[in-house]
Amino acid sequence: MNPSRNTYVCQSCGASAAKWAGQCPDCGAWNSLVESAAPRRRGHGTRAGGAAPAVARLDAVPAEEVARITSGSAEMDRVLGGGLVPGAVVLIGGDPGVGKSTLLLQVLAAVEGRGKTLYVTGEESLSQVALRARRLNLPRLDLPVLAETRLEAVLDVLEASRPGLAVVDSVQTLYSEALESAPGSVSQLRECAAQLVRQAKRSGVTVVLVGHVTKEGAIAGPRVLEHMVDTVLYFEHDGSSRFRLVRAAKNRFGAVNEVGVFAMTDGGLKEVGNPSALFMSRHAEPVPGSVITVTRQGTRPLLVEVQVLVDGAGPGPPRRLTLGLESNRLSMLLAVAHRHAGIALADQDVYANVVGGLRINETAADLPLLLAALSSFRGRPLPADLVVFGEIGLAGEIRPVAGGEERLAEAAKQGFARALVPQANQPRRTLKLDLEVMPVTRLAQALDIGS
Ligand code: TYD
Ligand code: MG
């Protein structure tokens, strides 16, 4: 008897198993295994015996810089690492309604004319797209659009019209007729993305795939797609605000973690030229527990306000709560402050927050975090014209962070007059900054100056 060749593919992580199980053995998701046809086998794996392909030598390969296509927006170009690369595949993920279709329509209108474009919509009807385009007041409306969900049809159109930029909105609605599984399933996603990547590499078209993010915060079948594409961008936003961050999670053509900042308006997404202003609250008077730091998002220095509230704890263990910061790091820093600076907060609740909904995941926020905690504990505000950054080690030493001079330059540009920084981050003499730099090496010394 011919044994069944079907496998079971996890719809959450893409792992395959020979037998059905209630829980995926790989990622632990429940009820996520779905039967799918075993992949077709190519030949028998025997060697052909013909002429072997030629192997090149790296120094003989011409390495010309490819000309990038500007996306029409400086913020978007920044996230992409300088513009769209011909033949590259970009995946853009984000919550429904965050502005993916809006942004891409704006990009298409900016690119059309300098090259041909194609917008493939599988989610909205052509009239919905047209309506949105009119509302957006785009510079031009003569954009080629295609309402289609069959992969083979999309590939045919790409082959026939040879655009320079094609947007597929969204990849989850596409399906290949060669597979039986439903659109949006992992095998469909994998197949559709693979075929589009092949088309991009072959014909030089830049393909942008829109991907929806599931409740867990990952693009459905994300790991399957992330390694197949060249660039992965995620839309981030904080529920109530109209600001949107587009962050590069992976980029073969630029810096990872780079962010572009946009605001959603009646006329679509507008770039925010000076994003530093977004992440600071404007206090009329300096308030305790608030410290301005300079964080780096990708290569861009950004001024951000870190706030800490220290308050007497009730019965039970004290609470340590962070938003936008790592809570393990906070606990560790409080231990360092106790051991090396004699500050005991063991009987206090400590709440820390980053203004504007930004996430900081770099150690440069260590020193501002502790200074803010101490400032709140003592009820003494720090000077309003002070910025602070620096990593704190377990031995109570202040360690340098990357990009010190860029951070100081941004602080000076935004009008700050003083900076408390690690000694090793002191700028070169030749760098003329309109800013007084106070270098420190030990935590105790930093707390003396900063209080
Ligand atoms: P959309 O681009 O459709 O989001 P996505 O493709 O990521 O699902 O954005 C839809 C939201 O944006 C919707 O809630 C309305 C809002 N919006 C504006 O505020 N201004 C505009 O000009 C447009 C077109 C949309
Ligand atoms: Mg959309």
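Helices, in the sense used here, are DSSP runs of H or I with at least four residues, numbered from the N terminus. With that convention in place, the largest share of the shell around ligand 1 in this predicted model can be assigned to helix 2, which contributes 3 residues.

The shell comprises 16 residues, among which G97, K100, S101, T102 and T265 come nearest to ligand 1. At least two shell residues each are supplied by helix 2 (100-111), helix 3 (126-135) and strand 11 (259-265). Sorted by class, the residues of the shell around ligand 1 are 7 polar, 5 charged and 4 nonpolar.

| Residue and part | Atom of ligand 1 | Distance |
|---|---|---|
| T102, N or O atom of the side chain | oxygen | 2.5 Å |
| T265, polar backbone atom | nitrogen | 2.7 Å |
| R132, polar side-chain atom | oxygen | 2.9 Å |

Taken on its own, ligand 1 has 560 Å² of accessible area, of which the protein covers 74%.

**Domains of the chain**

The domain assignment divides the chain into domain 1 (1-37), domain 2 (67-273) and domain 3 (278-450). Between the C-alpha centres of domain 1 and domain 3 there is a distance of 48 Å.

How values were computed: Residues numbered from 1 in each chain as written. Chains lettered and ligands numbered in written order. Predicted model: local features only at pLDDT ≥ 70, side-chain atom pairs only at ≥ 80, totals over all residues. Heavy atoms only, no water. Near = heavy atom within 4 Å. Polar contact = N/O pair within 3.5 Å; in protein donor to acceptor, adjacent residues only side chain to side chain. Areas by Shrake-Rupley, 256 points an atom, 1.4 Å probe, with all protein chains shown as cover. Nonpolar A, V, L, I, M, F, W, Y, C, P; charged D, E, K, R; others polar. Domains from an automatic or database assignment.
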